[in-house]
Amino acid sequence: MKTPTQVNEIAIVLPAYNEEKDLPTLLENIRTTVGAMPFKYTVVVVDDGSKDRTAEIAREYAKTMPLKLVQHEVNKGLGEGIQTGLREGWLIGDAVIVMDADNTHNPKYILDMVKVIEAGDADVVIASRFQATSVVQGVPFFRQVLSWGCFAMMKTLLPYRNVRDYSTGFRAYRSLTLGRLIKTSGPKFIEESSFACMLELLLSLRWVGARAVEIPYTLRYDLKVGVSKMRIMRTIRRYFNVIGKYWAKDVLPAAEEPSLHELRTQVRSRA
Ligand SMILES: Nc1nc2c(ncn2[C@@H]2O[C@H](COP(=O)(O)OP(=O)(O)O)[C@@H](O)[C@H]2O)c(=O)[nH]1
Ligand SMILES: [Mg+2]
């Protein structure tokens, strides 16, 4: 079933922890690239207790571009960061894009992602490393093995139609679908604090019946100046936890969709 969605405005959520080296380049890029796209945008920077100039940089850019800074006083982990960003983002945009703040995800792909949502073909659009024309530059071998391993494991244990890249952070979500997830699960809709939160979020969307589509893109890991924050062994361990959580859960039956405005009112009145 198609669910065409008019996208007049998007929120771009950037979970950021100590990203002073890469954030300015990304924000400049967003301003020129997304600024030229046919919809309004607001960047939501979630500074998760960074010890460097991440928050200062965001404050500086907020003077010259649509940018909202949300801060956690102490570092709470990527899961909490994504959750804070999505909670803000779905109230702002008709679609929410989440991408890494380390300048490895090019904002030019946002247009392709939004087009899929507008056409009504998907509720979540994944910029995938595993499409035929996708290119991955500069990712360490072991990290590639990890994402392939995640793909193979998920296809065997909990396959999601059309999905190959289960663990990437670069995705677009239809706000109505995020609203449905938040309404169903409550305000703490992500429990994982580790990088396994990306898998958890995807499986929770599968659970609420979200349809996924992937688009090809080029991951420029070689452009990253700062260090990776992923703790690999911890993430692998947590993947199993997430799979266990969703293993026996049946996909929820389709429900009639309220308008985005109605859904926002319903969720706000509960909070
Ligand atoms: N909110 C929050 N974001 C984080 C944390 N750790 C990493 N991130 C962000 O999550 C994204 C992915 O991290 P990154 O180091 O790029 O991982 P990699 O690309 O997988 O090597 C980046 O935007 C980071 O700033 C954290 O503890 N809290
Ligand atoms: Mg990254």
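Cys 150 is buried, with a relative accessible area of 2%, where buried denotes under 20% relative accessible area, exposed over 50%, and partly exposed the range in between, computed with a 1.4 Å probe on protein chains only. The sulfur of Cys 150 lies 12 Å from the closest cysteine sulfur, that of Cys 197, which is too far for a bond. Cys 197 is likewise in no disulfide, and this residue is buried, with a relative accessible area of 0%. With a disulfide taken as a pair of cysteine sulfur atoms within 2.5 Å, the count comes to zero. The structure is a predicted model, in which local features require pLDDT of at least 70 and side-chain atom pairs count only at pLDDT 80 or more, whereas totals for chains, interfaces and linings use all residues. Residues are numbered from 1 along each chain as its sequence is written, chains are lettered from A and ligands numbered from 1 in the order in which they are written, and side-chain values use heavy atoms, with hydrogens and water left out.

Two ligands were examined. Ligand 1 is surrounded by 19 residues, the closest being Glu 19, Asp 48, Arg 143, Tyr 221 and Ser 228, on the criterion that a heavy atom of the residue lies within 4 Å of the molecule. A polar side-chain atom of Asp 48 is placed 2.4 Å from a nitrogen atom of ligand 1, and a polar side-chain atom of Arg 143 is found 2.6 Å from an oxygen atom of this ligand. The side chain of Asp 100 has an N or O atom 3.1 Å from an oxygen atom of ligand 1. Asp 100 also coordinates the magnesium ion (ligand 2) through OD, as does Asp 102, at 2.0 to 2.1 Å. Donors here are N, O and S atoms within 2.8 Å of the metal (3.2 Å for Na, K and Ca), and because water is not among the atoms, sites may look incomplete. Asp 100 counts as partly exposed at 28% relative accessibility, whereas Asp 102 is buried, with a relative accessible area of 2%.

Asp 123 occupies the loop between α4 (110-119) and β5 (124-128), helices (H or I, at least four residues) and strands (E, at least two) being DSSP runs numbered from the N terminus. This residue is buried, with a relative accessible area of 6%, and its side chain is joined to that of Thr 177 by a polar contact of 3.4 Å. Such a contact is a pair of N or O atoms within 3.5 Å; within protein, one must be able to donate a hydrogen and the other to accept it, and residues adjacent in sequence count only if both atoms are side-chain atoms. Beyond its neighbours within four places in sequence, Asp 123 is in contact (heavy atoms within 4.5 Å) with residues including Thr 3, Tyr 173, Gly 209 and Arg 211.

Within helix α4 lies Val 114, which counts as buried at 1% relative accessibility. Leaving out residues up to four places away in sequence, Val 114 touches Val 7, Ile 10, Phe 39 and Ile 97.

In helix α9 (residues 260-270), the buried residues are Leu 260, Leu 263, Arg 264 and Val 267. Viewed down the axis of α9, these residues fall within an arc of 100°, so they line one face of the helix, the arc being that of the directions from the helix axis to the C-beta atoms. The elements covering the buried residues of α9 include α3 (78-92) and α6 (175-185), while the face turned away from the buried side carries the exposed residues His 261 and Ser 269.
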